[in-house]
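Let's walk through this model together, starting with a sheet and ending with a single side chain. Please keep the structure in view as you read.

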Amino acid sequence: MITTKDTKNTANDASIDTNVYTFLATVQELEKDGQLTRWVENHDILLYIWEGQIKAISNICRHFGGPVGYRKHKDGKFTCLWHNWQFSCDDGACETNPGTPLRQYTDLVVQNGCIYINLLA
Ligand code: FES
């Protein structure tokens, strides 16, 4: 669990292992609307704040690849733009078609106001 207040690995930027972690966004960018999407390498990532935690899931819908994070989440769910499949903000579970969850990225680090992601975790 990581929040915007966390400062894991606070020593300095040099402590981030860039072989493991990739810069994703600043906390300030995320706090502006509470969610954003960003391509990092070949990953389309939906980064958001849910119940005080920073979370990241795939932005690519398991139905036909529509943008899950195009709309603001509501009532704990993201609704895909194309055909309205819904995914839980808790963990990316699909509520429309159970068993087809979005990939969840669980290894995030906040350091000096920047959010980094481990794309391999
Ligand atoms: S592509 Fe997302 S609901 Fe169809």
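Here is a short tour of the sheet, one of its hairpins and a histidine.

This is a predicted model, in which local features need pLDDT of at least 70 and side-chain atom pairs count only at pLDDT 80 or more, while totals for chains, interfaces and linings use all residues. Residues are numbered from 1 along each chain as its sequence is written, and side-chain values use heavy atoms, with hydrogens and water left out.

Begin with the open sheet, whose four strands run in the order β2-β3-β4-β7 with antiparallel pairing. β2 (35-40) and β7 (104-105) stand at its edges with a single partner strand each, so one side of each has no neighbour in the sheet. Strands here are DSSP runs of E with at least two residues, numbered from the N terminus, and two of them pair if DSSP finds at least two bridges between them.

Now look at β2 beside β3 (residues 43-50): the two pair in the antiparallel sense over six bridges. Along this pairing, threonine 37 faces leucine 46 of β3, and tryptophan 39 lies opposite aspartate 44 of β3. Two residues separate the strands of this hairpin, where glutamate 41 takes a positive phi near 50 degrees.

Finally, find histidine 73 in the loop between β4 (53-58) and β5 (77-79). Histidine 73 has a relative accessible area of 17%, which counts as buried (under 20%, with a 1.4 Å probe and protein chains only). Leaving aside residues up to four places away in sequence, histidine 73 touches Gln35, Ile49, Trp50, Phe78 and Cys89, a contact being heavy atoms within 4.5 Å.

Definitions and conventions
Buried means under 20% relative accessible area, exposed over 50%, partly exposed in between (1.4 Å probe, protein chains only).
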